[in-house]
Amino acid sequence: MTSTGGFDVRSFLVRWALPAIVIGIVAGAMVPPALRGLGVVWEANRMSLPWLFERVFAWLAYLAMTGSVVYGLMLSTRLLDAVAHRPMSFTLHKDLAAFGIAFASVHGALLLLDTSIGFTPLQVLVPGLSPYQPAALAFGQVALYLAIVVLASFYLRRRMSQRVWRALHYATFLSFIGSTVHGIAAGTDTSTPWALGIYVGAAAVVTFLLTYRIAVSVATRMGLGPESRASSALAELRRS
């Protein structure tokens with residue numbers, strides 16, 4: 001009897017085929033009633049469920065994008081180097097941006113299911129055409145498009161200069177500002193203390209890290225940063 005991955009085929013079939021059959025039987029018995037139950041819930045809450053999921057995905061998108069911006073700033077200031085490897089941090093920074101874009105896209109798609117307003121695909125995609133607070137929604141739409149451009153730059157980094165890549169990354173801050181304005185102006189839960197606290201906290205953290213990043217950059221250029229001091233010390237040793 002031939003083997004699969006070093007195991008006898010009969011053993012392979014017992015280990016994988018029988019569990020698959022059992023799972024199939026259980027799924028066949030449980031999934032249809034579950035789907036019927038979800039259908040009943042959907043029909044009973046057709047007006048409120050889309051709105052609820054819109055808010056959930058909006059918050060997931062905002063938190064993921066904020067996390068990506070914070071990670072990017074901590075990478076640029078090397079604050080993470082003491083606790084994490086840079087490649088790992090860079091990957092997480094990129095993945096958080098991808099998750100934020102995915103969640104925001106689902107958030108926008110769910111608007112098409114919300115019959116309380118009645119969005120069309122064109123109104124969801126084109127800034128300024130929304131029947132509900134067009135200016136506030138335009139901030140969110142533009143923020144999403146900027147985030148997509150920044151994410152694309154990760155995969156095109158080898159094809160562009162470092163200066164262009166950095167310039168594109170500055171759009172991250174515009175995207176964060178746009179998504180924050182969008183959430184505060186268009187969000188129906190902005191008036192609640194917890195929602196306002198998240199917006200204020202996110203803005204405060206990003207502002208602090210950005211200020212620190214600028215201060216480090218200015219200090220380095222003026223010869224006050226760690227790298228400049230090390231270079232000066234090395235030069236002094238060479239002259240002595």
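Which residues does Phe-139 touch, not counting residues up to four places away in sequence? In this predicted model, Phe-139 touches Gly-178, Val-181 and His-182, contact being defined as heavy atoms within 4.5 Å. Phe-139 lies in helix 5, where helices are DSSP runs (H or I, at least four residues) numbered from the N terminus. With a relative accessible area of 42%, Phe-139 is partly exposed; buried denotes under 20% relative accessible area, exposed over 50%, and partly exposed the range in between (1.4 Å probe, protein chains only).

Helix 5 (134-155) and helix 4 (121-125) each supply at least two residues of a nonpolar patch. This surface patch, of about 500 Å², is made by Leu-122, Leu-125, Val-126, Leu-129, Tyr-145 and Ile-148. Patches comprise residues with over 30% relative accessible area and no salt bridge, nonpolar side chains (Val, Leu, Ile, Met, Phe, Trp, Tyr) being joined within 5 Å and like charges within 9 Å. A salt bridge is a side-chain nitrogen of Lys or Arg within 4 Å of a carboxyl oxygen of Asp or Glu. Tyr-145 is found in helix 5 and is partly exposed, at 33% relative accessible area.

Helix 2 (residues 49-76) has 28 residues and reaches 41 Å from its first C-alpha to its last, close to the expected 40 Å, which is 1.5 Å times one less than its number of residues. Arg-78, which follows helix 2, has a positive phi near 60°.

Local features need pLDDT of at least 70, side-chain atom pairs count only at pLDDT 80 or more, and totals for chains, interfaces and linings use all residues. Residues are numbered from 1 along each chain as its sequence is written, and side-chain values use heavy atoms, leaving out hydrogens and water.

Definitions and conventions:
Accessible areas come from the Shrake-Rupley method with a 1.4 Å probe; for residues, only the protein chains shown count as cover.
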